[in-house]
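Work through the following exercises with the sequence and the model side by side, and try each task before reading its solution.

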Amino acid sequence: MVVINGKKVTNIAQIRRMGENKSGKVPHQRIMANGIEFDSKAEHDRYLELLVMERAGVITNLECHPRWEIIPAQKIPGHRGFQAAHYTADFRYFRDGVEHVEDVKSSYTREAQDYVLRRKLMYLVHGIYVEEVVR
């Protein structure tokens, strides 16, 4: 059983029905479950899949919203400077001892320029390839 937006749910079908409008389409909405806020229903659904995999022992150390610094803060004499830039993935976990970092995207959001740049910086700065889960 999982608590989502204050409601107890026991299966995926109940979760899928939550938030549907009359046309059956699910608008982009934030979902709160088990004290974790997800940016979309697709991200939440992926979390449930990974949670099942972790409980089955397929993956370990599941982490939601891990954050990395991709550009350090910069001080400029006589000016305010620039804050550090960060990349926050949706999930990080280990499978067979290999680190996996995932980001759940729609076909539209995976083309966003800021996302594409940050994803490339993750590989350049940290050597981490971000796996996209497109839904």
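Strands are DSSP runs of E with at least two residues, and helices are runs of H or I with at least four, both numbered from the N terminus. The model is predicted, so local features need pLDDT of at least 70 and side-chain atom pairs count only at pLDDT 80 or more, while totals for chains, interfaces and linings use all residues. Residues are numbered from 1 along each chain as its sequence is written, and side-chain values use heavy atoms, leaving out hydrogens and water.

**Exercise 1.** Locate Lys105 and describe its surroundings.

Solution. Begin with the strand: Lys105 lies in β9. Finally, list the contacts (heavy atoms within 4.5 Å): beyond neighbours within four places in sequence, Lys105 touches Arg110, Tyr115, Val133, Val134 and Arg135.

**Exercise 2.** Determine the strand order of the open sheet and identify its edges.

Solution. First, trace the order, which is β5-β8-β9-β10 with mixed pairing, where two strands pair if DSSP finds at least two bridges between them. Then inspect the ends: β5 (60-64) and β10 (130-134) each have a single partner strand, so one side of each has no neighbour in the sheet.
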